[in-house]
Amino acid sequence: MEKSQHSQLSKSSKPLNILYLHQYFATLSSSTSVRSFIFSQKLVEYGHHVTVITTDAFMKKEEPYKVENGVKYYQIAGVNILAVESNYSNFLNKRKRISEFLRFMRQAEEIGKKLTNIDLIFATSTPLTIGIPAMRLSKKLKAPFIFEVRDLWPEAPIQMGYIRSKIVQNFLRYVEKRIYKKAAHVICLSPGMAKGVHECGIPTKKTSVIPNLADLELFTEANINQTLKQELISKWDLKGEFVVSHIGAMGEANGLQYLLDAAEILQKCDINNIKFLIVGNGKTKPHLEAVSKQKGLKNVIFSDMITKRDVPTYVDLANITITSFLPKPILATNSPNKFFDALAAGKPIIVNSNGWTKDIVEKHEIGYYVDYKYPQQLADRLVKLMGEKEQLQSLQSKIKEIAYTEFSAETAAKNLLAIIEQTAAEGGKKG
């Protein structure tokens, strides 16, 4: 059942001045997560004042009202946004990424220390380095800070093989523990992430789990562009086809070769009416496109990055969605945007990660688990589902109800508000 989340929010008695640190803050004109944008909007609706310090990496389509000393100033939905210039992209090599992290770390501190009357700092990763200006500004501005863990750093890049030096690994683990210790509270996006924080010696009373958001305000029938949808169906010859979609990042962690392997199995079996729609961008995309072309996969469609506003239309093309990750233990703790977008859209979900997303789809019977190591499992599952389009479509109201009751932006924002107001009232006691 689709329910509106536009109910009037009760305003807090004492407005707080909140400094929100997020290196990759994004609005609906971008192609990435808008969790911070939704949270900052909700906090403003609750009566608080929010100032965001970020980069313009995902703000390129927004118009600043002024540019001063290399900082772009925006006022969007009542949120003050200060963005420094950034050349970040998914295609940057490791050295350039690290350079971007360190540069923003310094810039965020320089901008933040000029602000006055800040009551609380909310810093969200990744990268982990965002916690360093949060700690320093907390001391400078005499304001407690809350740290939000979106991925377990440095464990994620270590397991992915990006950080091989033991010296660097140990240093980053020290920084991680120090950030958690200095934070007044730590918010995690999944139970697995919370477990990782607890294993760093942080007590459970100092942590909370606020999962990623199912944005039911975005995924409505009204936000499906029917003209665009028909154009895409015609362009890619999708009429009557069984469509499985993956919309989002195409990084190494996503392991999208798995989809190509399943597509190749189906094509060799002369099963041609199952189509894989892979939408987005990332470091592995050129390689994936090259492999698909080399193998002549006619059942795989690649599309460029789209804005968040267009995601409801593209998701609506699918009979089922897939959330894919490499079989690394750390990736099983993820709280992926595409998974929660599918929930908000009321679409069934296939997952290939043996983690908490598997638990969700199996507990509620709204999707399926397939083993990443065996693409044949995905091919077999899709062949079976091909004749069950109506059954899959009938799950929409059930899935949306789960999104509303367990993962709505409204619920998440209220939980965040309670933590922020309590932390501010206690003055940041670490506990």
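Predicted model: local features only at pLDDT ≥ 70, side-chain atom pairs only at ≥ 80, totals over all residues.
## Overall dimensions and composition

The protein chain contains 16 helices and 15 strands. Its C-alpha atoms occupy a box of roughly 65 × 50 × 40 Å along the principal axes. The radius of gyration is 22 Å, which agrees with the value near 22 Å for a compact globule of 431 residues.

Of the 431 residues in the protein chain, 58% are buried. Among contacts with a separation of 6 or more, 75% are between residues 24 or more positions apart. The accessible surface of the protein chain is about 19100 Å², and carbon and sulfur atoms contribute 50% of that area.

Strand 8 spans residues 185-188. His185 and Ile187 point to one side of this strand, Val186 and Cys188 point the other way, and all are buried.

Four bridges in the parallel sense pair strand 8 with strand 7, residues 145-149; here Ile146 stands opposite His185. Strand 8 also runs parallel to strand 9 (residues 207-209), to which three bridges join it, and Cys188 stands opposite Val209 in strand 9. Between strand 8 and strand 9 the chain passes through helix 6 (residues 191-198), forming a right-handed β-α-β crossover.

Thr129 lies in the loop between strand 6 (120-124) and helix 3 (131-141). Thr129 counts as buried because its relative accessibility is 16%, and the cut-off for burial is under 20%. Apart from neighbours within four places in sequence, Thr129 is in contact with Phe101 and Met105.

How values were computed:
Residues numbered from 1 in each chain as written. Heavy atoms only, no water. Buried < 20%, exposed > 50% of the residue type's maximum accessible area, 1.4 Å probe, protein only. Helix = DSSP H or I, 4+ residues; strand = E, 2+ residues; numbered from the N terminus. Pairing = 2+ DSSP bridges. Right-handed = clockwise from strand over helix to strand, strands pointing away. Contact = heavy atoms within 4.5 Å. Rg over C-alpha atoms; globule rule 2.2 N^0.38 Å. Areas by Shrake-Rupley, 256 points an atom, 1.4 Å probe, with all protein chains shown as cover.
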